[in-house]
Amino acid sequence: MKGMAIFMVVMGHILTMCVRDIDRAPVFKFIGQIHMPLFFFISGWFAVKLNDNASLRTPGLLQRAKRLLLPMLGASTLFIYYYPSSGLQSPFDSTWSGLWLNVWKNGYWFTFVLFEIFAVYAAYTLIVRRVRSFWVELLAVVAVWAVLGGIYLFLPAVADAFLSFELVFTFFPIFMAGALARRHSEAFMRLCASSGAVTVSLVLVVLCMAFVCWPWNYSFGSKFNVILAQIVMQISLAIVAVAVVKPWSERAFDASRPAPGRFASMWAFLGDKSLAIYLLHYFFLFPMPFMRPLLESFGLSVVPLLVFAALFAIPVVALSLCADYVLSFSRLFCIFITGSTPSKALKS
């Protein structure tokens, strides 16, 4: 799922940064509503660690800062100097001001926001460390989210932009949905294996996505209603994604097989390298405004845009992986640029 999500991230940036001015295309809106919620759900799933007594373990924030914040600062700083030579027309403010005083952090907001959510999750674990009831945990999640909402409402605009707090408030529920799903994995997997639950989730994804992407078409399209619809859509999306990917991955990585297939191995490899791809792929995007008239001649329809974005995402991902491999021979660059582990050759 991480491999597919990071590929969709690159596809979305192919459209919005390389071609530009086609953000109104339905396929761009759909991609944008899928990949980041999946990343936060997966992050929440793997955030759950248990002590020997089965109580929740508080995550180490120092390790998370080293893994998320240091490479984010290093890569985004380099991109500030590289951007004038890129030829791109970025929708982000690719300057020092954009890094510190803009919600989107030069496009590197995900690692920054994920660390903040981990910090909130660390506080949450102290509250429900020994709780076993799903409903009590859910009530605690709602209470913490309400506190975040109160902070967001009264936070000055400058502080909100510096902390990207709107995004923390937006993606905290789906992160915690992943954590609760892992904490109660047997019940969640039964839900994902239920045909009725998957059917309802698919319907909810379609209906909520239509509302979230085009709220102005509805008389009840208030900001609060959009946020609620996003939460329902993202949780439903996670159920559908796990229902689809889990059986396939179990077959592909069955211990009785001599080796997983190349297709499965490719997506697993991309998932393992997703952070490095996210940090590095901006450097390999290139301007393609000449493609806009052709794509618009297709009416910005879904299939041509999907094919176009996927085809050009392949070399961008490949170049990002090549750069990650080269940089993996330097511990310094692993820490400050890619967030990867050093090369095995370097370790030996």
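Student: What volume does the largest pocket have?
Tutor: The model is predicted, so that local features need pLDDT of at least 70 and side-chain atom pairs count only at pLDDT 80 or more, while totals for chains, interfaces and linings use all residues. Residues are numbered from 1 along each chain as its sequence is written, and side-chain values use heavy atoms, leaving out hydrogens and water. With a pocket taken as an open set of 1 Å grid points where a 1.4 Å probe fits, with protein on both sides within 12 Å along at least five of seven lines, and volume as the space filled by probe spheres on the points, the largest pocket comes to about 1,100 Å³.

Student: Which residues lie nearest the centre of the largest pocket?
Tutor: Helices supplying at least two lining residues each include H1 (2-19), H9 (165-183) and H12 (223-252), a helix being a DSSP H or I run of at least four residues. Of the 37 lining residues (an atom within 4 Å of a point), those nearest the centre are Gly32, Gln33, Trp104, Leu167 and Gln230.

Student: How are H1 and H13 oriented to each other?
Tutor: The axes of H1 and H13 (residues 262-272), lines fitted to C-alpha atoms over the stretch in contact, come within 7 Å and cross at roughly 70°. Because 65 to 115 degrees is the range for this class, H1 and H13 are roughly perpendicular.

Student: Is Ser274 buried or exposed?
Tutor: Ser274 lies in helix H14 (residues 274-280) and touches Lys2, Ile6 and Phe39 (heavy atoms within 4.5 Å), not counting residues up to four places away in sequence. Because its relative accessible area is 5%, under the 20% cut-off, Ser274 is buried.

Notes
Buried < 20%, exposed > 50% of the residue type's maximum accessible area, 1.4 Å probe, protein only. Axes fitted to C-alpha atoms, helices over the stretch in contact; angles between N-to-C directions. Parallel < 35°, antiparallel > 145°, perpendicular 65-115°, else oblique.
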